[in-house]
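Trainee: Before we go through this model, could you show me how each feature should be read, starting from the general idea and then turning to the case itself?

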Amino acid sequence: MASFVRFTLDGRACLAEEGAQLVAAAKECGVYIPTLCNYPGIPPKGACRICTVLVNGIPQTACTTKVVEDMAVVTRTPELEEFRKAVVEILFAEGNHLCPSCERSGNCELQALAYRYRVTVPHFPYLFPKRDVEAWHPKLVKDHNRCIQCKRCIRGIHNAEGKAIFAFGKRGDKVVINIDPETSKNISDELAQRAMDICPVGAILRKGKGFDTPIGRRKYDHQPIGSEVQA
Amino acid sequence: MEKNIEAITAKYRGDATRLMDILIDIQDELGCLTPATVARIAGVLGIPQVDVEQTVSFYHFFAREPRGRFAVYLNDSVVANFYGRAEVAAAFEIAAGCRFGEVSADGLLGLFHTACIGMSDQEPAALINGQVFPRLTPDKARALVAGMRAGKTIEELKGDKYGDGQNSHPLVRALVKNHIRQRGPTVFSDYTPGIALAKVTAMTSAEVIAAVKSASVRGRGGAGFPTGMKWEFARRAPGDVKYIFCNADEGEPGTFKDRVILTERPQMVFEGMAIAAYAVGADHGILYVRNEYRYLRAYLEQVLAVLRAQNLLGERIGGQAGFDFDISIQFGAGAYVCGEESALIESAEGKRGEPRDRPPFPVEKGYLQRPTVVNNVETLCSAVQVVLKGAEWYNRMGTEQSKGTKVLCVSGDCDQPGIYEVEWGFAVNDILAMAKARDVQAVQVGGPSGACIGPDEFGRVLAYEDLATGGSFIIIGRHRDILRDVVLNFARFFREESCGSCVPCRALTGMAQVVLERIIAGQGTAEDVARLQAWQKIMRNNRCGLGQTALNPIVTTIRNFRPLYEARLSRGDPRFVPSFDLPAAVRDYEAAVANG
Amino acid sequence: MSPKAAKTRKIIATTSLAGCFGCHMSLLDIDERLFDLIELVEFNKSPFDDIKTFTRECDIGLVEGGCCNDENVHVLTEFRKHCKTLVAFGECALMGGLPALRNTIPLRECLEEAYLHGPTVAGRNPQGLIPSDPDIPKILNRVYPCHEVVKIDYFLPGCPPSADLIWDALVALVTGQELEPQYRTFKFD
């Protein structure tokens, strides 16, 4: 039987299982903390920083924070919200995100966060980086223009032998996610689909799939991301 | 090639956590790490190619294609540029017949840029096949290329004008100079190896920690974490296997103290590691050294061998049952961020040097998930002297919150650049006088991640409570263009050295460079300046110190040298964006149709 | 405030730069509200009335499309000079849009593909000519979002922005109220 700890979320007393991930614990308590690189069931990485909250007054990523007794968490301040909006804007300016032509539009977490924060034009310079579309793989397309380097595919997708299929290459603003030619060779359709699903944006696509949900029936067409947790 | 790869991999027992060593050795043998080589290494180690690739492609000194028989890495630091780096680079290019980033047509030499190589007191300097060529001039560059053409070996190119002290040791034979201008009582005082260790083995580990604590020794890498506390955490952390790391990855531009300490006092560093091991209960230590100092390898290995022979390392050290401790040397491969302790650990495990999330801290789960202490080179030296001379002696030096001494690396516009070991609490003015600096416009204290200060702040003192520094002290003369010659170089540095994991650091380092270049070109606006300042707030939420401080060169100069920015702002009609340059934007088209 | 409460009609200008006129089509999609619109505003330079050059200073300029050539830059600059409030509408105006797909490809390669090597021209341009008549605009090295060229006051996203968003924005501009875009109308596609 798991033991429970008391902590506060934006001043409200809450309970969580000891050691629970703060993002998940907050969700249980009806508080939405936006995330991008986080994905339930895979090890957190704290890469996108959008889930930054104040833990006992100190900024910390909620995805990598475990709830402990008496922890005081603040999830919403004007400064935190401004920071989150900035992260979304930075990602749009850093890559080449052409929503109108993207298969993932309407089901994209980055776009949904931009809607949530009403991003129009980033307050950051567009970089228009030269990036490739990799289509050599029999089942997958990797469109590096759209990749936000969240590493969800790296952490969450392994082949039948448990070996990594994706990994980072290079560093800094040149980082790129590579697909291993050997370990990805015989992946099943299900795994390819899972790789596509785990990607928050349209950077990993299954070949032959796309635009299969009409506008108006897509995930974020009517309600903002996170509204299922907190209105 | 096959045989080499297998033999080298076998030497490290096919252990993928030794990937750094494997890659360094294979590159030594084969010259570079091509995709085919990477695939082969992955095959031998039984790991995915992408996992080898992610490490290879992270580090600056791992080459993907042949670099020529002589790989010339010319330092591109601020100080190198102060001292004529551009002319030296041009001389190399003309003599070699190729540009930087290329290899000469005959495959003889390749020219590459590199970040600060720890020679700021003797710039411009280059690494050629791992050997240091300091104080270069265009003439020397031409002579070097001519020598290469004439078939000289790297040793023949070096000649025999070796530097002072142990730089002339037969296993070093480096042209590097120590430039120790001021010897202080901690690192550069008289020292005999083994005495401190003998004292320590007569104490309990708790007593050793108590001594270091009562001396208030703090980390000398710049952050200033109390050393005794770190040791205590590691001692208390559960686990039989613990590690002591010495961080000799000094990459902060303008820093070179670790190079001099490792040249002149390696025994003290190793003894400090052994003392830490005794205190913590560790039986293995790793000295992580930046790749730029690989020319010290044979020498350091020999020092270790001697210490083992003297029973200052190895089993039953000093005859004490149960005190077993040995040290191995791990080289980096060119990544500033590995100076961050958790990134350094990742690197030593054969991975990309990406800082880890905390908690857990390295003292709980560090190298190979075991409790690990990471201490700076100078910190460990301090610990040795505290054991030898006592906490009271140590506490008599320095200031309220900064006890003891600090080794400063003074460089830039002064007559006496070099190493100054001073007590904490020295004023900037005093150091400028010692280094014989004149007409000083600014001082970059603590390297790019520190602060750029002007004359009105030269009365401030070096101390954790005032101007904290890991040692870098770059003097900027009146005649320098701070924005172009200093800030832009640092902005580029951070852009290249970001690991790329956190969004703000990965993107804003580059975006800040874009905006800064705009301002320097006279196309910036007051809004741009405000924007750069606002970005600092975003950067504070990055995971590690690199990301949190990467905009410091920009924001500290905006704060302290605002007129330099304002003088460059566009005075145009505010309805139009000054960075949009129509004639420049149609230039490509005009060129395409002109010879189309 | 009811839209009709506006006392004097605001003067409005519109243009499509490197766009597809889809944003203008979407404006027309406000349907019967067009009748309300002409009560609220008077069009000056705009493809709707075919006024080619500004005949008076305008209150509002609506710009579709980014800048892909020097003529776009010229028109955008004119808009900035003659419009008190300048609104970029649609993805192309905001971030270059689909024309900006070429932004990662050197211009020379684009031109050579279009005029020399592309499947529809290969072998049919023996002299290797790339059009460069002084009467045709010069192509920019990349496509520039409008705010990278002139100061833009407001942005309306969408490809195209929904008719409702455009309508809400115009009403807000004419009546001087702040626009709080509804989730339903705030989309990038």
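Reading a three-chain model

Mentor: The secondary structure of chain A comes to five helices and 10 strands, where helices (H or I, at least four residues) and strands (E, at least two) are DSSP runs numbered from the N terminus. This is a predicted model, in which local features need pLDDT of at least 70 and side-chain atom pairs count only at pLDDT 80 or more, while totals for chains, interfaces and linings use all residues. Residues are numbered from 1 along each chain as its sequence is written, and chains are lettered from A and ligands numbered from 1 in the order in which they are written.

Trainee: What radius of gyration does chain A have, and what would a compact globule have?

Mentor: The radius of gyration is taken over C-alpha atoms, and the globule rule is 2.2 Å times the number of residues to the power 0.38. For 231 residues a compact globule would come near 17 Å, and the 18 Å of chain A agrees with this. Along the principal axes, the C-alpha atoms of chain A fill a box of roughly 50 × 45 × 35 Å.

Trainee: Which element of chain B gives the most to the side that touches chain C?

Mentor: In that contact, 14 residues of chain B meet 19 residues of chain C. The most on the side of chain B comes from α26(B), with five residues, and the residues of this side divide into 10 nonpolar, one polar and three charged.

Trainee: At what angle do helices α1 and α2 of chain B cross?

Mentor: Axes are lines fitted to C-alpha atoms, for helices over the stretch in contact, and angles run from 0 to 180 degrees between N-to-C directions. The axes of α1 (residues 2–11) and α2 (residues 19–30) of chain B cross at roughly 150° and come within 10 Å. That makes α1(B) roughly antiparallel to α2(B), since angles under 35 degrees count as roughly parallel, over 145 as roughly antiparallel, 65 to 115 as roughly perpendicular and the rest as oblique. The residues of this contact include I5(B) and I8(B) of α1(B) and I22(B) and I26(B) of α2(B).

Trainee: And how does the pair α13 and α14 of chain B pack?

Mentor: Helix α13 (residues 266–280) and helix α14 (residues 297–309) of chain B pack at about 55°, with their axes 10 Å apart, and that makes α13(B) oblique to α14(B). P266(B), Q267(B) and F270(B) meet L300(B), V303(B), L304(B) and L307(B), a contact of six nonpolar, one polar and no charged residues.

Trainee: In what order do the strands of the sheet in chain C lie?

Mentor: Strands of a sheet pair through backbone hydrogen bonds, either parallel or antiparallel. In chain C, five strands form an open sheet in the order β2-β1-β3-β5-β7, and the pairing is parallel; two strands pair if DSSP finds at least two bridges between them. The edge strands are β2 (41–43) and β7 (154–156) of chain C. Strand β5 (residues 83–89) of chain C is joined to β7(C) by three bridges, and V87(C) has Y154(C) as its bridge partner in β7(C).

Note on methods: Contact = placed C-beta atoms within 7 Å. Nonpolar A, V, L, I, M, F, W, Y, C, P; charged D, E, K, R; others polar.
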